Amino acid sequence: HRELLFAPLEDAFEPRLTEDPETIQSAFNPASTEDFIRRMSEMPAQAAGQPADKQPPRESTVATINTQLANLPATVQHDFASAGLPPDRFDVRGQDADKHVVTMPNGIRVRHPGREAYSSSSIETRLRVHGNFEVTASFEGFTFVPGDDGSGAIALNVILENDSHTHCSVQRGARIDTDNLISHFVQSEFVHSPARDPGVVWLGTGPEEATSGRLRLARVGDELHCLFAPGDSAEFRLIHTETVGSEDLLFGGVRLNTGVQSNGSEHGTASVIWKHLTIRAERITDWIGGISDAEAPAGNSDDK
């Protein structure tokens, strides 16, 4: 299963569906940056995610999400700089991922060199999340060194425990276009597997240059909100909202991915330093060595 892919932008502001697994692995043919910017400038306010008549501003939507999730009782906080990557709490996934994921004084550095088609290195949390939730991952130092064709991105990913194992992510990435220019983006992605029906959908794609910030996924009921805050900003902006279902997350269903899509003979490399992970939910279970439920006493500053 390929968990991260930049959507082609020929029809950048409509959902794009891809059902064939081979196509999902290899399809990478985005339009130029200039065309993307032109499309953004020509879009009506509502399509561009700006306030339209009789619709609330996105800032109000984010405030509503914050209010709806303000009283979630269970919390896990993990500082990668001070606590590292303990194996009873995290798994590292991907071919040779143990060579690509390194504990550093300022966090967990992931440097993923691309291979043919799509590949990634993932940090997987060993816990289960139940009910409404929000997950926030902070990062710094995102870079993409391109090959001759393709893209690289980092993503916060959650996986629902339903029949299709729906994967949902918010991504910060970059791609090389046909003129060898690098364009940067933020977007959401939804993957349905193994049946891949309706396949992979990319939504909310827009330009983003920040190399540090916070990725956030927040679910209320059956709606999942994808948000991003650049740099040191305290304010999140809403990238996209999708109806996904209210099922619990799989064990290991919260992941930090660093991936590269290579379409040519020379492969690119994506790098990032993951700083901090916060998970808040109605209930959290199976988090070894930390207190994770509503009945837990207060006073544990690292993991609650």
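Colleague: Where does Asp96 lie?

Modeller: Asp96 sits in the loop between β2 (90-93) and α5 (97-100). Helices (H or I, at least four residues) and strands (E, at least two) are DSSP runs, numbered from the N terminus. This is a predicted model, in which local features need pLDDT of at least 70, side-chain atom pairs count only at pLDDT 80 or more, and totals for chains, interfaces and linings use all residues. Residues are numbered from 1 along each chain as its sequence is written, and side-chain values use heavy atoms, with hydrogens and water left out.

Colleague: What should I look at in the phi of Asp96?

Modeller: Start with the general idea. Most residues other than glycine have a negative phi. Asp96 has a positive one, near 60 degrees. Asp286 also has a positive phi, about 70 degrees, and is not a glycine. Asp286 belongs to the segment after β15 (269-285).

Colleague: Why does Asp96 count as partly exposed?

Modeller: Buried means under 20% relative accessible area, exposed over 50%, and partly exposed in between (1.4 Å probe, protein chains only). Asp96 counts as partly exposed because its relative accessibility is 35%. Asp286, at 41%, is partly exposed.

Colleague: How do I read a nonpolar core, and which residues have the most contacts inside the largest one?

Modeller: Nonpolar side chains tend to be buried together in soluble globular proteins. A nonpolar core is a set of buried Ala, Val, Leu, Ile, Met, Phe, Trp, Tyr and Cys residues joined through side-chain atoms within 4.5 Å. Here the largest has 44 residues. Ile123, Leu156, Val254, Trp274 and Ile279 have the most contacts inside it. Strand β6 (residues 128-145) gives the most to this core, seven residues. Another core lies apart from it, with 10 residues, including Ile65 and Val220.

Colleague: What is Ile123 in contact with, beyond its neighbours within four places in sequence?

Modeller: Contact means heavy atoms within 4.5 Å. The partners of Ile123 include Leu85, Phe90, Val254 and Trp274.

Colleague: Is strand β7 buried or exposed?

Modeller: In β7 (residues 150-160), 11 of the 11 residues are buried, so the strand is largely enclosed by the rest of the structure. Look at its two faces. Ile154, Leu156 and Val158 are among those pointing one way, while Ala153, Ala155 and Asn157 are among those pointing the other way.

Colleague: Which strands does β7 pair with?

Modeller: Two strands pair if DSSP finds at least two bridges between them. β7 pairs with β8 (residues 167-176) in the antiparallel sense, over 10 bridges. Ile154 has Arg172 as its bridge partner in β8. These two strands form a hairpin with six residues between them. In the turn, His165 has a positive phi of about 45 degrees. β7 also runs antiparallel to β14 (residues 249-262), joined by 10 bridges. There, Ser151 stands opposite Gln261.

Colleague: How many salt bridges are there?

Modeller: A salt bridge is a side-chain nitrogen of Lys or Arg within 4 Å of a carboxyl oxygen of Asp or Glu. By this rule there are nine. One of them joins Glu134 and Arg280, at 2.6 Å, N to O. That pair links distant parts of the chain, strands β6 and β15, 146 residues apart. Glu134 is buried at 12%, and Arg280 is buried at 15%.

Colleague: Which residues are linked in a network of salt bridges?

Modeller: Asp91, Arg93, Glu124, Arg126 and Arg255. Asp91 and Arg93 meet at 3.5 Å, N to O. Asp91 is buried, at 17%, whereas Arg93 is partly exposed, at 43%.
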